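Student: I have a structure to read and would like to learn how to go through its features with some care. Could we take them one at a time, with the general idea before each case?

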Amino acid sequence: MFDTHTRLLRLALDEARKCEPTPTAFCVGCVLALPRDHPTDSNDRESDSGSQPETPLVLSTGFSRELAGNTHAEANALAKARALSPDELSALVGKWKWRPSVNNDDSDRLRLTIDDMLRSADVYTTMEPCSVRTSGLAPCARALIEAGVRRCFIGVGEPADFVNCEGAMQLKEAGIEVIWVEGLEKECLEVARRGHQT
């Protein structure tokens, strides 16, 4: 079934395809989205057709090695979200009618920060967030935990090609809901291993 989560994971796959292939790392894509499950009233639950929940708002996207410094997809999506100006954040919130999960007060909408948004955000990533970096850089699982994201939708677990990954387990232990999106595992893995020796 082609649902919202599959669509957003496919958007993350589009990001992963932008990666420059390399034999020593995976090509991963990530989307940070604000879900529509904290509506201001019952009318916000439905789209213009009146039948389907409205689509989450994409806050930022990222892919492996997009930014300088041997960066990973999730870290890049977080960095790009944090680089949004206050005016850009206000425009996103204003046109989309999003409310933070902690408060429905109109005055709070004007004071929202990116940290507020990240605490209500869902992460869509084509591969399990890393728990170990051979480069010594901070792992993506830790960055997502520190950001306080709400849920993480994952296309495929990280295979043990380079390290033993425990990212999903670390997210769960930190109280972040982990959802494995079924049906795209093969495609996520094929895209991730572009440039690898077969």
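Student: To begin with the charged side chains, what do the side chains of Glu66 and Lys80 meet in?

Tutor: Keep in mind throughout that this is a predicted model. The general idea is that side chains of opposite charge can pair when their charged atoms come close. In this structure, the side chains of Glu66 and Lys80 meet in a salt bridge, with 2.8 Å from N to O. The pair links distant parts of the chain, since Glu66 lies in the loop between β2 (57–63) and α2 (73–82), while Lys80 belongs to helix α2, 14 residues apart.

Student: How do I read the accessibility of Glu66, and that of Lys80?

Tutor: A residue counts as buried under 20% relative accessible area and as exposed over 50%, with partly exposed in between. Glu66 has a relative accessible area of 25%, so this residue is partly exposed, and Lys80, at 27%, is partly exposed as well.

Student: How many salt bridges does the structure hold?

Tutor: There are nine salt bridges in the structure. One of them joins the side chains of Asp122 and Arg150, at 3.6 Å from N to O. This pair, too, links distant parts of the chain: Asp122 sits in strand β3 and Arg150 in the loop between α6 (140–147) and β4, 28 residues apart. Asp122 is buried, because its relative accessible area is 2%, whereas Arg150 is partly exposed, because its value is 22%.

Student: What can be said about aromatic rings, and how are the planes of Tyr124 and Phe153 arranged?

Tutor: For such a pair, one looks at the distance between ring centres and at the angle between the planes. The count comes to one aromatic pair. Tyr124 and Phe153 form a stacked pair, with 4.6 Å from centre to centre and 5 degrees between the planes. The pair links distant parts of the chain, with Tyr124 in strand β3 (residues 122–125) and Phe153 in strand β4 (residues 151–154), 29 residues apart. Both Tyr124 and Phe153 are buried.

Student: Finally, where is Gly195 found, and which residues does Gly195 touch?

Tutor: Gly195 is located in the segment after α8 (185–192). Leaving aside residues up to four places away in sequence, Gly195 touches Pro21, Thr22 and Pro23. Gly195 and Pro21 are 174 residues apart along the chain, yet their C-alpha atoms are separated by 4.7 Å. Gly195 counts as partly exposed, because its relative accessibility is 41%.

Methods: Residues numbered from 1 in each chain as written. Predicted model: local features only at pLDDT ≥ 70, side-chain atom pairs only at ≥ 80, totals over all residues. Heavy atoms only, no water. Phe/Tyr/Trp six-rings, centres within 6.5 Å; stacked < 30°, edge-to-face > 60°. Helix = DSSP H or I, 4+ residues; strand = E, 2+ residues; numbered from the N terminus. Buried < 20%, exposed > 50% of the residue type's maximum accessible area, 1.4 Å probe, protein only. Contact = heavy atoms within 4.5 Å. Salt bridge = Lys/Arg side-chain N within 4 Å of Asp/Glu carboxyl O.
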